[in-house]
Amino acid sequence: MPRRNRTIRVLAKYIAAVSTLSAFPGTAAHAADAAAAPPPEAFLKKATFSGPMISPDGRTLVGRFDGGTTLCVLSAADLDAGCQKLIKGVGSSPMSWLGNGRLLTSWAAFVPFGPFLIPFPVPVTVDVTSAKVDTLLPKKAPYRAGAVIWTAPDGSSVLLSATRNSKEWPEVLRVDLASGLVTTVQASQSPILAWFADANGVVRAGIGRDGKHPAIFYRTKADEPLRRSTPPPPPKGKADDGGDDMLETIRFDGPGNTKLAISNRQTGRFSVYEYDLEHDTFGKALFEHPKVDVDRLVIDAGGYTVSGIAYEDDRPRVKWLDAEQGRLQAQIDRIFPNTVNTMTSRSQDGNLVVVETMGPDSAGMSYLFDRKARIMKGLLPAFDNRETLHLSPVRAFDFKARDGLEIPGYLTLPVGKATKALPLIVMPHGGPFARDRWGYDPYVQFLASRGYAVLQPQFRGSTGFGRSFVEKGYGQWGAAMQDDLLDGIAALAREGTIDPKRVCIVGISYGGYAAEWGAARDAAHYRCAISLAGVSDIRAQLRHDRSLFYAPRYAAAWAKKVEGEEKRDLDAFSPLQQQTAITIPLLIAHGEADNNVPANQSHQLVKALQRRNATVEGLFYKGEGHGLTDAKNQADFLSHVEAFLAKYNPA
C-alpha cells in the first residue's frame, strides 16, 4: 500500500515554496525532457486516489482508490501509514457520511432512454470498520433504483426517490438503516419525475413536465395533500410556449425552510433564486452569472444549509455565500495558485478540511488542512505517474464566429515547443448538446505530447452557456456548428499560433460526425480526419433513436433539434450520402457493441470509401460500446491515431 506524506506549515513566507510542492508539470522545468514522449498507456492510467472525505469526528478519511471502485481508508492520526484498509466492490458515485463509521454511495445501473444510456443509481452503504457493503433496498424488492433525497442527521434513515422500472413515475421510500425496513412515504404521481424533501425529511415538492410546461406540486406541511402551483399568466402580448424553460432543483434551506430554486426561466441561464412554491414565482437572485449556468448548490458540513454555488466558466468555481468559507478558499488558492482547489469535506467542528488540487496539466494531490495548527498534510497523489508525463498547459481560448457569436473553448499547447505555426488538431466534443470541461483529458494530452496544438471549441449547441446558446445549435448539424470549428482555426491562424495548412479534425460520437462531415464539406481546410463512434447516416441514426424512445413525441423533439424547423434534407449533410466529396485521409473507429450509434454507421462508410479507393482506415473493436473503455483498446486506438497523423499531418 502506498506511503506518501508531505507536511506544509501555512505561513505567508512559505506560500511561494508551497505552491511548487505538487511539482506542477507543464512548466519550463520540464520542457527539456518533453521530447521523450511516453507511450499511449501512460496517459490512460486511472486515478490512484480521488474524492477524499473526512468523517464528522475528524478521525477517519476515505477516498476512491485505483480507478474508483475501491475505497482507501486512512487514519487522520497516522497519515504516514497510507491506506490502512482497502474496500472493494464500491460504486463510483459521490459519497456522504452516515455518522462516523458508515458511508452512503451508489452503483450505477444503465437503462436505455432515447439515444442514450441513462445511469440509474442503486444506493449502497459501506461500513468502513467491517468493510461490509450493503444495498439499501432488499434484493427481492420490486424497485429498480433510487436516488437519495434526504438523510437523517444521525444517519439512521434515508429517503429514496425510487422507480420500479424506467417507464413508471418515482415514489418516495423511507429506509431504516438499522432494521432495513422499507416504507412508502409518498406514492408515485404523474407527471412528477423528481421529489424534494425539507430538513425534517418531509416530502414537500415534486417537479414534472406537462407537455412543454413544467408541473410543480407542493405541500406546506406533512399532513397536507399535494397541490399544484398556480403560475401567473405570461406578460401581455407574450405567448407562453413553454420552450426549454426548466425548474431544476428546489431546496428547503435552514430552519426557516427558505425555499431556493435553480432555474433558467428568468434569464435563460440556470441561476439560483428565492422561490415561491405556491405561485411558482421567483424572488431575489442569490447568484446569476452573466455567461454560464450554475451547476449545483454547495451544502455545508451539517448537510442542510447552502454555503455556496458552484459554476464553471473556463474552470470550476464557487460563489461562496458563507463569508468564512470564502476566506478559507482564498487562503487555499494562495497556497496552490496553479490548480483548481476543492474543499471536498470538513470535520463537524470545521477545523479539519480536506482539499483536492486538480487541473488539466497538474499531477493532482489531496491534503488535510489542520486550521488551528496551521498545517497542511499531504494524503495521496491523484495519479502516481503524472509528474513524469510533462503535461501540456491548457488555457481558455474564446473567439468570435462569423456571425459575431462568441464561442468559448480550450487550447492546449505542446510543452517545450515555440507557440508559432504549430500543427493543429481540432477536437469537437460529443453530444452535441454537451460541453468540454476543465480537467485532464488523456486524448488531448496524448496529442499534445506528440507536438500538436489541440483546440476544443464549445460550438453553438454546447450546454452550460445558457438556453439561447443551446438553441442556436438546433438544426445546425453540418452547418453553423461546423462553421464554428473553421472560425476557431481562423482565429488561431490570425494570431500566428497555428499553421492553417496543417490541421486535422478528431472527434468522438457527435465529434466523430463532425470529423467525417469536415472531411466531406471542408476538405480544403483539413489534411485528415479521425472519427470514433461517429454518425455517418443521419436519417438511419434518427430511425435508431426513435426505436429507443418510449414516447414518440420525445423522438420527434429530438429529430427536430437535428433537422431544424425547415426539416432540411438529412442526406444533404450525411457523410455516407456525400462520401464522394471526401478527398482527404480518414481514420474511422467504432465499438461493435455500440448501442447509441450502431457500428454499421461506420462499416457502411468504410466500405463506400474503399469501393472508390479513397484513403480510409477502419478499426472495429469487439465488445466495446459507445466509445472505448478497455485500456488496451484505447491504447491501440491512440497508437493508430499517432501513426495516421504522423503520415498525413506530421508534427
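Tutor: The second largest pocket holds about 1400 Å³ of space, a volume being the space filled by probe spheres set on grid points that are joined across faces, edges and corners. On a 1 Å grid over the protein atoms alone, a pocket is an open set of points where a 1.4 Å probe fits, with protein on both sides within 12 Å along at least five of seven lines, and lining residues have an atom within 4 Å of a point. This is a predicted model, in which local features need pLDDT of at least 70 and side-chain atom pairs count only at pLDDT 80 or more, while totals for chains, interfaces and linings use all residues. Residues are numbered from 1 along each chain as its sequence is written, and side-chain values use heavy atoms, with hydrogens and water left out.

Of the 45 lining residues, Pro442, Tyr443, Ile508, Leu628 and Gln634 are the closest to the centre of the second largest pocket. Helix 5 gives the largest share of this lining, four residues, and helix 12 is among the elements that give two or more; helices are DSSP runs of H or I with at least four residues, numbered from the N terminus.

Helix 5 (residues 442-449) and helix 12 (residues 631-648) also pack together at an angle of about 35°, with their axes 11 Å apart, where axes are lines fitted to C-alpha atoms over the stretch in contact and angles run from 0 to 180 degrees between N-to-C directions. In that contact (heavy atoms within 4.5 Å), Tyr443, Phe446 and Leu447 of helix 5 meet residues of helix 12 including Gln634, Phe637 and Leu638.
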